[in-house]
Amino acid sequence: MKKTFLTVSILLFLFGCILIYQNITYNDKKLHVVICDVGQGDAIFMRTPDGSDILIDGGPNNSVLSCLSRHMPIWDKTIEVMIMTHPHADHLTGLIDVLKRYRVLMFGTGKNGCSTDLCKKLIEQLKQNGTAQKYLYQGDRFAIKDGIALETLCPTQEWVSQHLVAKSSDENGSSVIELLTYKKFKALFAADAQASDMEKIDMLTGIIDLLKVPHHGSKTGLNSDILDILNPNIAAISVGAKNRYGHPASFTLELLKSLNIKTLRTDQVGDIEIVSDGNNWRVK
Amino acid sequence: MNSKLLVILLIILSFRLYYFSQNQIHFANGQQISFETAILSQPQTIGGRQVFTANYKNQKIQISTGLLPEINYGDYTLIVGKISNQKNKVLMYFPKIETINNPANILQTSLKGVNIVRQKLIALFSKTLPSPSSSLLLGIIFGIKEQMPKSFTDNLRTSGVFHVIAASGMNVTLVGGFISIAFAYFLKRQIAIGLSILGIVFYAILAGAEASIVRASIMGILVFSAQILGRQTLAINGLSLAGFVMLFIDPTLISDVGFQLSFAATLGILYLKPLFGNKEGIASEVLTTVAAQTATLPILLANFGTYSVYSILVNGLVLWTVPILMMVGGVGAIIGLILPQLGQLLIYLCYPLLLYFEGIVNFFGKIGGVISIKALPWEFIAGYYCLLVSILIISHKEV
């Protein structure tokens with residue numbers, strides 16, 4: 001009995017220490033952007049200075065959960081905004097696992113075909129959670145009190161009405177593209193966009209700090225004109241090691257290198273975390 | 001065990017195996033079949049499909065189907081589909097699966113009840129602790145693995161502690177012991193022990209009825225019923241009987257890796273560990289690991305082709321946390337089903353130990369240290385076990 005009491009007391013004390021540690025590290029009043037290492041797929045997590053959580057895509061499996069637990073304190077079980085850029089398995093699957101564990105207040109996605117079993121399962125799970133759902137169009141903006149704004153650049157309403165019933169092959173083209181702004185810091189999340197989509201929106205962003213390279217670094221996502229306009233300081237590629245698509249393409253890597261853009265890949269460095277106070281930023 | 005009895009059991013078993021192999025059904029490719037079955041293995045989600053095994057007239061059929069409808073352990077289903085034979089395996093792709101709900105069927109309702117508890121536990125743990133801590137704790141206490149991220153499962157394998165997430169002997173001992181102590185205060189001893197037996201059965205179904213847990217449960221039930229009858233029994237009798245019962249019911253188990261590992265490891269702990277002498281604390285745990293590994297090495301090598309060099313060290317470093325995690329987390333689980341907040345607090349208490357466990361596993365998982373062998377010659381396996389047996393016989397004579 002004495003021994004049990006001692007064990008439980010030690011555990012309680014240690015747990016208290018963990019809480020103190022997390023209280024300090026997760027309340028630094030800075031913006032954290034994490035390109036999660038989820039293998040061949042996308043999952044981007046953001047924690048705002050006031051502790052709101054935003055998730056763009058969930059990756060091809062449940063490893064996004066480990067990423068969330070590495071970057072969220074243990075007591076926070078709410079994700080304020082969840083966005084699915086398009087309903088492909090490598091962006092969607094992990095979102096279902098997230099919904100099973102977290103309260104999600106708002107879900108946004110582009111209006112296109114949700115025909116797969118997986119996508120139907122996601123919709124079912126959203127209903128079960130009672131999450132509010134919204135279709136995203138160019139100009140939509142999530143603004144958070146601490147000065148963070150997340151703005152949708154793509155798709156436009158006209159594009160959607162022209163391609164109302166998108167075929168599976170068009171789904172990458174109708175990817176939701178989001179721009180994050182915090183004071184002077186700007187990050188562009190280009191989902192699986194093609195260069196033709198990027199050309200339509202690059203004038204809207206101005207010079208950015210962080211670019212989530214479109215489509216896991218495939219050769220059809222970027223060209224030098226786009227990069228000249230965006231002029232990012234750092235490019236992050238979310239890609240799985242030895243994937244069967246040959247991502248990222250050497251064309252894209254060389255292009256980024258020739259323009260002196262620092263490039264980080266999740267298959268090489270794991271999670272990519274950028275911390276910003278709105279003026280300066282650093283890679284953690 | 002009485003050697004005459006053992007011989008008789010072995011003879012009965014060989015008749016059973018012979019009869020079984022004579023009556024095995026052979027399906028034609030493309031043959032349409034329709035059958036009702038309870039799903040007794042949790043479907044794995046692999047690449048956008050659910051994959052699980054179902055039993056049809058003693059034949060195991062591996063079924064692949066889409067993600068919807070979601071199939072859960074314990075569901076009772078009607079399956080209609082076409083057989084496809086591939087290499088030694090009977091497969092069925094995308095059959096029509098319908099969940100049957102018949103409240104009059106006691107088996108169905110009780111399975112459903114157990115599954116509801118199972119899902120509640122998974123939700124309780126995964127909403128309390130972050131991943132992979134929650135899945136590690138679910139694995140340690142209940143042997144539930146379906147939530148575990150693949151990278152962490154790989155690290156558990158590489159570092160040689162994958163066995164902690166298979167429910168087995170230690171879990172059963174704790175479940176039975178806990179119930180009998182808890183009820184012995186205000187019930188007659190016999191009734192308390194009877195309740196522990198029921199508890200073990202419930203636990204085995206909850207944990208997913210894998211070979212290791214069935215083996216441990218049968219042994220546990222024998223030990224506890226021996227207490228009711230007031231008779232002491234030797235663990236080895238329990239092990240032989242458990243093996244006999246399981247193989248008699250399902251002879252295909254003999255080729256099940258989990259079954260082989262579970263029996264070889266238990267034999268190793270019962271026979272080989274005493275050779276190293278009596279030790280206490282961490283030393284005893286290391287010896288248990290060494291004994292179990294010595295007895296299972298060829299099975300591991302033959303089936304997985306890998307052996308982890310650091311596994312004895314890793315086991316020594318983490319195994320002491322397992323009983324604490326089982327007790328604190330297990331009590332947390334029971335309380336959490338009734339009072340979620342209080343249960344959550346107890347589950348939180350496991351978090352520091354889980355972080356330590358994960359730290360060690362991930363550290364050694366990254367280092368690697370895995371020896372791999374492509375094909376293991378049968379001569380090695382036979383020689384290895386003959387050698388072990390002869391060492392045992394010789395040391396036995398000296399005693």
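Predicted model: local features only at pLDDT ≥ 70, side-chain atom pairs only at ≥ 80, totals over all residues.
Two strands count as paired if DSSP finds at least two bridges between them.

**Entry 1: chain B strands**

I looked up strand 4 (residues 59-65) and strand 6 (residues 89-93) of chain B, and found them running parallel, joined by 3 bridges. That clears the cut-off, because a pair needs at least two bridges.

**Entry 2: the 8-stranded sheet of chain A**

Next I traced an open sheet of 8 strands in chain A, and wrote down its order as 6-5-4-3-2-1-14-15, with mixed pairing. Which strands stand at the edges? They are strand 6 (132-135) and strand 15 (281-283) of chain A; each has a single partner strand, so one side of each has no neighbour in the sheet. From one strand to the next, the twist averages 15 degrees.

At the strand 15 end I checked the pairing with strand 14 (residues 272-276) of chain A: antiparallel, over 3 bridges. A:Val275 sits opposite A:Arg282 of strand 15 there.

Helix 2 of chain A lies across strand 1 (31-35), strand 2 (44-47), strand 3 (53-56), strand 4 (78-84) and strand 14 of chain A, and runs at about 20 degrees to strand 2. Helix 3 of chain A lies across strand 3, strand 4 and strand 5 (103-109) of chain A, and runs at about 160 degrees to strand 4.

**Entry 3: the 7-stranded sheet of chain A**

I also followed an open sheet of 7 strands in chain A, in the order 7-8-9-10-11-12-13, again with mixed pairing. Strand 7 (141-143) and strand 13 (262-265) of chain A are at its edges with a single partner strand each, so one side of each is left without a neighbour in the sheet. The twist here averages 15 degrees from one strand to the next.

Within this sheet I picked out strand 10 (residues 185-189) and strand 11 (residues 210-212) of chain A, a parallel pair over 3 bridges. A:Ala187 stands opposite A:Leu210 of strand 11.

**Entry 4: where A meets B**

I then turned to the interface, where 21 residues of chain A are in contact with 24 residues of chain B. The two chains bury about 2100 Å² between them, 65% of it on carbon and sulfur atoms. A:Leu11, A:Phe15 and A:Arg101 supply 30% of the area chain A buries against chain B, more than any other three residues.

For charges, I found 1 salt bridge across the interface. The side chains of A:Lys121 and B:Glu70 make a salt bridge at 3.6 Å, N to O. I also noted 3 residue pairs in polar contact between the chains.

Which helices of chain A supply at least two residues each to the side that touches chain B? I listed helix 1 (2-25), helix 2 (63-71), helix 3 (89-101) and helix 4 (117-129). Helix 1 of chain A gives the most, with 8 residues. By class, I logged 9 nonpolar, 5 polar and 7 charged residues on that side of chain A.

Terms used
Residues numbered from 1 in each chain as written. Chains lettered and ligands numbered in written order. Heavy atoms only, no water. Helix = DSSP H or I, 4+ residues; strand = E, 2+ residues; numbered from the N terminus. Axes fitted to C-alpha atoms, helices over the stretch in contact; angles between N-to-C directions. Contact = heavy atoms within 4.5 Å. Buried area = accessible area lost by both parts, 1.4 Å probe. Salt bridge = Lys/Arg side-chain N within 4 Å of Asp/Glu carboxyl O. Polar contact = N/O pair within 3.5 Å; in protein donor to acceptor, adjacent residues only side chain to side chain. Nonpolar A, V, L, I, M, F, W, Y, C, P; charged D, E, K, R; others polar.
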